[in-house]
Amino acid sequence: MGTKKALTSILLTLIVFTAGTLFSQNLSLDQAKQVANSNVTSLTPAENKNTSVDETKFLETADEWVKQYLSTWKNTSNAVLTKPTASMQIDVLAKGQPDECFHGIGSPLNFYDPQWDNQPINCPAGTLKVNQGYVWGMTKSGDNLWFGTVANMHALVLGGILSNLGITDPIQTSSWVAEYGQSQYPTLAPLPDFLKDWRPPRMFVYDTQNDILSEKTPRQITEPVGYAVLQTTGGIRGAGTLGDVVLMGGPTLAGLVPGVGVGINLFAFHAQTGAFLGATTLAQYNDIRSFLVVYNELYVGVGSNIGGNVLRWIGDVNDPFQFEVVGALDGDAANMAFFENRIFVSTWGLQMFGSGGLSGLWMSPEIAPGGKLEFGDSGNWSKPWQITEYEPDIMTAQSTFGGALAAYDGYLYWGTMNVPLMSLAAHIGAYGIPQDAQGMISAFLGTGRAISIFRGRNFTPGKQVELLYGMVSLPQYTPDDLLNPTAGGSWELVTNGMGAMPLYGPSGFGNFFDTYTWSMAVHQNELFVGTFDWSYLLSDLLIYLGQVMGLPMPDMSLIDGILAPMANFFGADLFRFTSNDLPAFPEDISGVGNYLNYGVRNMISDGDLYMGTANPMNLMTDLADSKPEGGWELLKLSGQPTDPEDILAMLKLFWQNIYLNIYNCCDPSPTLNKWLLAKAAPDECYFGPGDPANNYNPQYGNLPIDCSGGGDPKVNQAYVWGLTSSGDNLWFGTWANGLQQVLGTMSTMIGIDFPPIQTNSWVAEFGASKLSPPLPQGFGDWRPPRMFVFETKTWRLIEKTPPDPLLQITSGIRSAGSLGDVVFFGGPASIIPGAATGINLFAFNAQTGLYLGSTTIPGYNDIRRWLVVNGVLYAGVGTATGGKVLKWTGSLTSIPV
């Protein structure tokens with residue numbers, strides 16, 4: 001196995017291990033060991049010099065790290081990781097539209113043609129693709145929101161990290177594509193392969209009073225200078241305004257290369273008329289992010305290859321690109337806030353690129369009311385805090401960046417940013433590639449960090465800093481030989497540099513995949529915090545990585561156990577602090593209305609709360625499916641948030657309903673008794689996947705099958721899928737092997753025939769099954785559904801499954817309803833989801849239990865719920881193009897709907 005393939009295999013395994021441990025919370029050390037060793041071939045000593053981390057030590061450290069992460073939840077009564085109900089109204093003001101026809105990786109037919117004013121491209125052939133993924137820079141002038149975008153940023157960042165690990169192949173998942181070196185899009189100058197998914201950024205203004213979006217991207221004919229500068233612009237990362245001038249800027253394409261890039265491009269517009277004022281390049285800098293107005297002066301933070309600066313704008317409408325240096329920093333200026341009469345700047349340290357200092361907070365000299373900073377102040381800034389005051393591992397500290405910050409309720413709040421896999425890459429760069437899966441997983445866990453949230457005040461003369469969300473202990477790597485760091489080393493958990501217990505909860509607000517503190521804004525006297533959550537990216541890559549590399553996959557039951565709970569938390573998180581003495585409340589943890597929004601990139605409060613999102617899922621453009629779409633979104637949140645007095649009680653309720661139940665430390669409903677009325681009995685003697693001796697023979701009345709002749713008892717009927725009551729009786733129908741059929745649906749959708757899967761808990765035979773009629777491979781585990789009535793007065797279960805051939809083409813009894821003397825059971829007439837082959841109905845006399853007959857209603861493909869209103873029975877059904885609500889007009893002697 002080559003180095004690149006081995007690295008990809010180990011990365012896949014460690015991601016599965018980590019996600020499974022943190023989300024499923026049930027992997028034992030033995031299971032962790034099994035995952036870590038599952039069919040992964042280690043690098044040979046000739047391919048890497050780093051020695052293996054001791055396996056026992058690794059497992060102990062990994063287990064304790066995860067336990068410590070989870071125990072912080074358990075021991076912090078206000079910690080939250082559950083899906084809240086948003087209390088504010090979310091409106092999508094504008095959204096990035098498809099701008100390319102995509103025919104395949106490297107295809108010469110791929111055609112990029114953005115339509116003016118964000119109109120979708122006409123694409124009669126190929127797949128619609130939306131390249132513009134981020135609202136990267138945003139500002140507000142009067143009633144207008146000005147913003148700029150960046151295209152395919154996740155592909156550029158991931159490509160940079162993977163290229164350092166020797167992985168350069170294009171990537172295409174079900175949600176996005178990164179063509180890298182095979183991209184056919186022409187550029188003015190050659191680009192490194194990892195940057196070839198770049199497309200020119202775009203600029204817009206949104207009129208909030210008239211709800212009109214207008215494009216301001218310079219055109220070649222009318223603004224040739226601006227258009228030419230645009231062709232060398234990586235993206236519009238910053239935006240600010242003062243008076244009649246709006247400034248937008250971003251790194252040049254060369255500036256996107258970390259540590260070596262040069263140049264930022266600036267564009268200016270007239271705030272009132274929208275007229276383009278010009279464009280220029282400042283070659284001495286390589287990045288620009290945040291603008292800030294203090295006492296009617298506009299400041300902006302920039303970066304260079306040796307540090308960073310804060311500039312004060314001294315231009316005007318006639319000469320908009322004049323700046324004065326008023327601050328000198330040791331890192332790239334990221335975000336800014338005004339607090340205690342000083343400008344505070346969070347920085348991105350440059351040590352991992354060989355120069356500059358570590359990420360931290362820089363503080364300006366005091367600014368008197370109505371005053372301003374000038375050139376003479378540039379050397380008088382100080383650094384009151386840096387990341388090593390919290391983070392003990394030096395390589396992780398070097399690759400941890402400063403995030404958003406804001407002044408709120410007497411404190412300065414700030415957070416961290418950890419680009420997924422960047423700290424791992426930094427670790428590998430310093431200590432070499434771990435020799436085996438255990439070493440790689442240990443390095444991934446050891447360098448993995450979710451965001452930490454701090455707050456401080458009284459920065460002069462003596463600061464007071466508190467850890468709000470973080471970890472008591474953090475992994476630290478120590479090489480065995482400082483003079484030969486690639487000779488091996490060990491991980492251990494050490495107390496964070498502050499020696500502090502987090503006041504409110506664990507890192508990431510309790511979510512391991514919240515790794516950017518990307519935006520903050522004070523709105524209606526509350527502090528809103530927007531994050532970047534990469535769990536959807538992870539889920540999209542899990543199976544893809546194994547498939548494209550032809551790698552053996554870890555146990556599929558573990559992957560299934562990971563994806564199911566992760567899906568509840570896909571998308572960026574939006575938290576809000578309601579005061580300085582309460583923890584943050586989750587306003588939304590699923591992308592603020594679209595779980596493909598993996599980041600809340602920008603926020604502005606001005607009457608309403610405006611947000612610009614990051615959503616680079618460039619192939620998610622099908623308006624006909626039930627999934628959301630990719631591309632940036634401009635959002636407005638309006639209305640009054642939940643009463644702060646209710647926040648603490650709500651947090652405790654979330655805690656009790658979620659975490660205490662998981663740990664079985666209290667009865668979730670101590671005043672209620674629970675009784676098991678009936679349970680599915682084994683109905684098959686099972687010998688192995690595809691074994692002809694397998695014997696499916698359900699015993700009428702739900703009696704267990706006799707397997708004394710051999711085989712293991714297996715129970716196929718898994719779901720009470722449809723349930724209704726009539727008088728004292730509960731009528732219900734079942735669905736066999738629901739999990740297996742869902743996996744089969746997935747295999748059919750992606751066009752891959754899954755091999756049989758058998759775990760300690762369940763088996764899916766798929767195409768190897770011998771007990772189903774001819775079906776597509778994915779649905780071989782189908783078995784006919786069954787119907788029962790439970791008499792609550794006599795506690796007696798009676799089977800009502802009729803000897804009706806229609807059951808042999810019924811997916812399962814998905815619904816049940818009752819009115820008067822009639823009980824209905826219903827389910828899709830096709831085993832294959834989505835097929836509009838009809839729904840099958842079965843009817844019984846509710847009083848006598850007699851079977852009344854069955855029918856197929858064509859044209860529909862699903863039936864789920866029944867409802868009685870004013871003595872009339874209604875049923876909801878699905879079609880290939882939508883759904884309908886039906887009213888039952890039959891009778892005991894005329895059953896059909």
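Tutor: Helices (H or I, at least four residues) and strands (E, at least two) are DSSP runs, numbered from the N terminus. The model is predicted, so local features need pLDDT of at least 70 and side-chain atom pairs count only at pLDDT 80 or more, while totals for chains, interfaces and linings use all residues. Residues are numbered from 1 along each chain as its sequence is written, and side-chain values use heavy atoms, with hydrogens and water left out.

Student: In which loop is Pro365 found?
Tutor: Pro365 is buried at 14% relative accessibility, where buried means under 20% relative accessible area, exposed over 50%, and partly exposed in between (1.4 Å probe, protein chains only). Beyond its neighbours within four places in sequence, Pro365 is in contact (heavy atoms within 4.5 Å) with Asn341, Arg342, Leu373, Asp377, Asn380 and Trp381. Its place in the chain is the loop between strand S21 (360–363) and S22.

Student: Is Thr347 buried or exposed?
Tutor: Thr347 is found in strand S20 (residues 342–348). Leaving aside neighbours within four places in sequence, its contacts include Leu329, Asp332, Leu358, Trp362 and Phe401. Its relative accessibility is 0%, so Thr347 counts as buried.

Student: Which residue meets Asp330 in a salt bridge?
Tutor: A salt bridge is a side-chain nitrogen of Lys or Arg within 4 Å of a carboxyl oxygen of Asp or Glu. Here the N to O distance is 3.0 Å, and the pair links distant parts of the chain, with Asp330 in the loop between strand S18 (323–329) and strand S19 (332–339) and its partner in strand S22 (residues 382–386), 53 residues apart.

Student: With which residue does Glu765 form a salt bridge?
Tutor: Glu765 is buried at 1% relative accessibility and lies in the loop between strand S42 (763–764) and strand S43 (787–791). Its partner is in strand S38 (residues 712–714), so the pair ties together parts 51 residues apart in sequence. The closest N and O atoms are 3.8 Å apart, and the partner is Lys714.

Student: How many salt bridges does a search of the whole structure find?
Tutor: Side chains of opposite charge can pair when their charged atoms come close. Salt bridges that share partners join Glu100, Lys129, Glu179 and Arg199 into one network. The count for the whole structure is 26.

Student: What is the volume of the largest cavity?
Tutor: On a 1 Å grid over the protein atoms alone, a cavity is a set of points where a 1.4 Å probe fits but cannot get out, and lining residues have an atom within 4 Å of a point. Grid points are joined across faces, edges and corners, and a volume is the space filled by probe spheres set on the points. The structure holds 8 cavities of 30 Å³ or more, and the volume of the largest is about 130 Å³.

Student: Which helices each supply at least two residues of the lining of the largest cavity?
Tutor: The lining has 13 residues, and the closest to the cavity centre are Pro420, Leu421, Thr447, Gly448 and Arg449. By class there are 7 nonpolar, 5 polar and 1 charged residues, with Ala, Val, Leu, Ile, Met, Phe, Trp, Tyr, Cys and Pro counted as nonpolar, Asp, Glu, Lys and Arg as charged, and the others, Gly among them, as polar. The helices are H7 (422–431) and H8 (437–447).

Student: Which residue just after H7 takes a positive phi?
Tutor: H7 is mostly covered, with 8 of its 10 residues buried. Those buried include Met422, Leu424, Ile428 and Tyr431. Just after the helix, a phi of about 90° is taken by Gly432.

Terms used. 1 Å grid on protein atoms, 1.4 Å probe; cavity = no way out; pocket = protein on both sides within 12 Å on 5 of 7 lines; lining within 4 Å.
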